[in-house]
Amino acid sequence: MTGSPLALVWLVPALPLLGFVLNGALALGGIRVKRLVSVIGVGSLLASFAVAVVVVRALAQAHAEAPVVFHYWDWIPVGTLQVGYALQVDPLSAVMMLIVTGVGALIHIFSVGYMHEDAGYARYFAYLNLFVFFMLTLVLGANFPVTFVGWEGVGLCSYLLIGFWFSEKVNADAGKKAFIMNRIGDFGFLVAMFLIWQHTGSLDYTTVFAKAPTALVAGGGVVTAITLFLFLGCTGKSAQIPLYTWLPDAMAGPTPVSALIHAATMVTAGVFLVARSNVLFALAPTAQAVVAGVGALTALFAATIALKQWDIKRVLAYSTISQLGYMFLGVGTGAMAAGIFHLATHAFFKALLFLGSGSVIHAMHHAYHATRSHEDAQDMRNMGGLRRTLPWTAALMWIATLAIAGIPPFSGFFSKDEILGAAFARGTVQPGWYLFWGFGLVAALLTAFYMTRLMLYTFHGPNRTGPQEEVHLHEAPWVMTGPLVVLGALSLAGGLLNLPELVGGHAWLERWLEPVTGAGAALSAAPVLSHTTEWMLIAIAVAIGLAGIIGAVRLLDLTALVPARSAAAETGLGRVLWKKWYVDELYDAVIVRPVAWLSRVVLWRVVDVGVVDGAGVNGAAGLSRILGWLASRLQTGELGFYAIVFVVGVVAVLVKALR
Amino acid sequence: MFLGPSLAVSAVLFAIGTAGVLLRRNAIVIFMCVELMLNAVNLTFVAFAQRLGVSGQIFVFFVMAVAAAEAAVGLAIIIAVYRHKETVDLQHINLLKG
């Protein structure tokens, strides 16, 4: 295999790492050469994407049924635990690799324009390159620990980039919140790894998944515990109930970061992990129900919150949580290919939406900067009518909106329909899934509604930016709109990846992923729906999507909207939704405050000051002082006393020896 | 021959010597008591030499030689101390006491 282009796979993560090292050196050295930074940052990603394409082509030609594993060095050789640093190329990692490097490269290009005037330009690109390196480690890892390194690394980069403008405390706090929430999930991942090793004796994907059906009892407590702990990790990383609250706050980071990390790639790591471990999940029907249920509930719950947010990025953040819920509904149902398909299309249209919002914010920010106004550049109440000044952004974001709303033939329609179809099909066997399907359907209605709301408030109706500011609004430079156009094309045509057989397609992605998902699918066969039912489901889904869009157009009164500064406070249910169901407040009251109280009163004043400092440190010092004083009493300085002690000692030794 | 009585005398002498070292305060008396203990040991050596061979008797000569040297050095120290402090009472010789 060494002669094959597959062996180049190490270059895919290595190039962004090189970019990180070079840009990091430039940032630390204080060398302000933006052109060089851009060339390194974007170039390393483009090169990485090119290598990834070569590798995936080689994989397609090799027709390998088993994953191709490249073992680079022994990493943790401890007794029977043998963990190597190894990368694995298989259809799943190939898809993820292309998404990460492809969408990543586009977002890097966009960043050149978006971050152009930022003082931390080199630092920004260094972090972004480091993120891509860790994300590629995550998806390419051939065993759980290597994936975990990537998993932790992307969490670190997420933290660094959320708090990129750390001089404002809000941003630094948001970074910390994301990091801590993720730690809770990471604990689950770790415990799952311990259990996997205990019961299968290995952590390599190929070995674990080969042994799992025999080593673990199907539906038993062990495999259920493993999968639930893995899923706990996923809820943290992929922002699912109950660990989702960090993602909306993560919008404090630069907008391209939100697009890359908090929409297209990192937050989908959980979906990837479930798909990767599909054999384990197939063995644990309870865990599958939990995954699908949490996914469906999150999809609905986050969609309701998105209805009443005014910050353009927050709407998109809740939308991301909701769409991630769909993916988990898919993979939890056992439709791994559908989940990964939605992951891919979501990466396209959500990256487009975020970058589009970045373009809007860029324009708004410039307008307010020009007039030295301190209005909120991200509040939709300050926008309106922007389609006249940002025609490209508006048109491209409409494509993404139609895609996320599930209108054919845009990409989101196919992937979302496939997930809902799979959930409905599972419902024919287990009626509980009908409920999940219902949740998904209502969420689809809300999705279409809030996205249309976002578009209408931002791009249509009268302008509310302000008379002086309005003249300063302008379309972004080509370096920003260019990536938008590419993503627009992908959002439009992404459905071709996995065109269902129903409409004459070949379900290409599903066949491509067959070597990965086949083992799990063999353990739990998916029920098949008749074509009539499938057509009916499609009709329902499309009707729901259209209803959401038309409902938003009809119900929302654009002329009644006033700028954020003069807007009245929300009341009733609207206020509850605007306040995000008070979940942050609930967590604060139930977890944060008690923990803070426990730390301050019990752990600090009692345990630390009393036990550790008092009994521990000062106690040890006092004890040795007392012992020392006692021993010093023996040193009288009286020769006679010493002689007596000496004789007594000799006598004692003699007595002991002679008896 | 006479082993038992010899050892008994030796033990008594040694005990007297030890008691003297521990209880008396005059440096010269303590010194004499140390000599007494050495001679008690010599007596033991000689007593056992009859049964176990001549090496015990040879050892006695060594002890005598060392004791003579020790007496010379020890008495010299005592004289030096007396010249300095005008006493040989150990109660008053306590410069090293902490």
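Reader: Over how many bridges do strand S1 (residues 68-78) and strand S2 (residues 81-89) of chain A pair?

Author: This is a predicted model, in which local features need pLDDT of at least 70 and side-chain atom pairs count only at pLDDT 80 or more, while totals for chains, interfaces and linings use all residues. Residues are numbered from 1 along each chain as its sequence is written, and chains are lettered from A and ligands numbered from 1 in the order in which they are written. Helices (H or I, at least four residues) and strands (E, at least two) are DSSP runs numbered from the N terminus, and two strands pair if DSSP finds at least two bridges between them. S1(A) and S2(A) pair in the antiparallel sense, and the count is 9 bridges.

Reader: How many of the 11 residues of S1(A) are buried?

Author: A residue is buried if 20 or more other C-beta atoms lie within 10 Å of its own, exposed if 12 or fewer, and partly exposed in between, with C-beta atoms placed from the backbone. Of the 659 residues of chain A, 52% count as buried. S1(A) lies largely in the open, because its number of buried residues is 1.

Reader: Within what arc do the buried residues of H7(A) fall?

Author: In helix H7 (residues 205-215) of chain A, the buried residues are Tyr205(A), Val208(A), Phe209(A) and Ala212(A). They line one face of the helix, because the directions from the helix axis to their C-beta atoms fall within an arc of 90°.

Reader: Which helices do the buried residues of H22(A) pack against?

Author: Helix H22 (residues 531-555) of chain A has 25 residues and reaches 35 Å from its first C-alpha to its last, close to the 36 Å expected at 1.5 Å a residue (1.5 Å times one less than the number of residues). Its buried residues include Ile538(A), Ile544(A) and Ile549(A). By contacts (C-beta atoms, placed from the backbone, within 7 Å), the buried residues of H22(A) pack against H16, H17 and H18 of chain A.

Reader: Is Ala239(A) buried or exposed?

Author: Ala239(A) has a positive phi of about 55° although it is not a glycine. Its place is the loop between H8 and H9 of chain A. Because 31 other C-beta atoms lie within 10 Å, Ala239(A) is buried.

Reader: Is Tyr582(A) buried or exposed?

Author: Tyr582(A), although not a glycine, has a positive phi of about 60°. It is found in the loop between helix H23 (572-578) and helix H24 (583-632) of chain A. With 12 other C-beta atoms within 10 Å, Tyr582(A) is exposed.

Reader: What is omega for the cis peptide bond from Ile241(A) to Pro242(A)?

Author: Pro242(A) lies in the loop between helix H8 (221-237) and helix H9 (246-249) of chain A. The peptide bond that joins Ile241(A) to Pro242(A) is cis, with omega near 5°.

Note on methods:
Two residues are in contact if their C-beta atoms, placed from the backbone, lie within 7 Å.
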